[in-house]
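Subject: A structure for you to look at

Hi there,

Here is the structure I promised to pass on. Have a look at it first, and then read on for what turned up.

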Amino acid sequence: MASFAKIENNIVITVVSVVSDVLKDSNGMEQESIGIQFLKTLYNEPNAIWKQTSYNTVGGMHLLGGIPLRKNHAGIGYTYDENRDAFIPPKPFNSWILNESTCLWEAPVVYPINGGKYIWNEQIKNWE
């Protein structure tokens, strides 16, 4: 299965799955462009913007050792950044900072690694 995100105004509005065989060209190679054309035809939306995404991509790494695709798997409400060619999740707190290499949001204070469970407190901008 392949996943595709539909994008409007740089925001992911839906994510759908397409059988991988649909993406194959005459040489048996999967092509994103074939999947995009399939979805435009299926939904009768010739001007829709679709981008392929991978469930196995998180923080710019492919969890199974493959080639990462667009930094992160797309989710509804994620931003598609064309310059980075990346899906970026919604910012969880105003104080958090985008990690440019992973396209994930990070707290301005490192999460404690002492085995405790913490939640972010935006008022004090720290873990508690």
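Let me start with R70, whose side chain makes a polar contact of 3.0 Å with the side chain of E32. By polar contact I mean a pair of N or O atoms within 3.5 Å; within protein, one must be able to donate a hydrogen and the other to accept it, and residues adjacent in sequence count only if both atoms are side-chain atoms. A polar contact of 2.7 Å also joins the side chains of R70 and D85.

Some housekeeping before going further. This is a predicted model, so local features need pLDDT of at least 70 and side-chain atom pairs count only at pLDDT 80 or more, while totals for chains, interfaces and linings use all residues. Residues are numbered from 1 along each chain as its sequence is written, and side-chain values use heavy atoms, with hydrogens and water left out.

Side chains of opposite charge can pair when their charged atoms come close. With a salt bridge taken as a side-chain nitrogen of Lys or Arg within 4 Å of a carboxyl oxygen of Asp or Glu, a search of the whole structure finds seven. One of them joins the side chains of R70 and E32, at 3.0 Å from N to O. This pair links distant parts of the chain, 38 residues apart: R70 is in the loop between β5 and β6, and E32 is in helix α1. (Helices, H or I of at least four residues, and strands, E of at least two, are DSSP runs numbered from the N terminus.)

R70 forms a salt bridge with D85 too, the closest N and O atoms being 2.7 Å apart. Here the partners are 15 residues apart, with D85 in the loop between β6 and β7 (86-88).

Is R70 itself buried or exposed? It is buried, because its relative accessible area is 11%, and buried means under 20%, exposed over 50% and partly exposed in between (1.4 Å probe, protein chains only). Its two partners are partly exposed: E32 at 24% and D85 at 32%. Leaving out residues up to four places away in sequence, R70 touches E32, K51, Q52, Y80, D85, A86 and F87, where contact means heavy atoms within 4.5 Å.

Another salt bridge joins the side chains of E122 and K125, at 3.9 Å from N to O. E122 is partly exposed at 21%, and K125 is partly exposed at 42%.

**The nonpolar cores**

A nonpolar core here is a set of buried Ala, Val, Leu, Ile, Met, Phe, Trp, Tyr and Cys residues joined through side-chain atoms within 4.5 Å. The largest one has nine residues: A2, F4, V16, V18, L23, I36, L39, A48 and W50. Strands β1 (2-8) and β2 (11-18) and helix α1 are the elements that give two or more residues to this core. Beyond its neighbours within four places in sequence, V16 is in contact with A2, S3, F4, L39, Y43 and W50. There is also a second, separate core of six residues, including A5, I7, V12 and A74.

**One more residue on α1**

L42 is found in helix α1 (residues 32-42). L42 is exposed, with a relative accessible area of 52%.

Enjoy exploring it!

Best wishes
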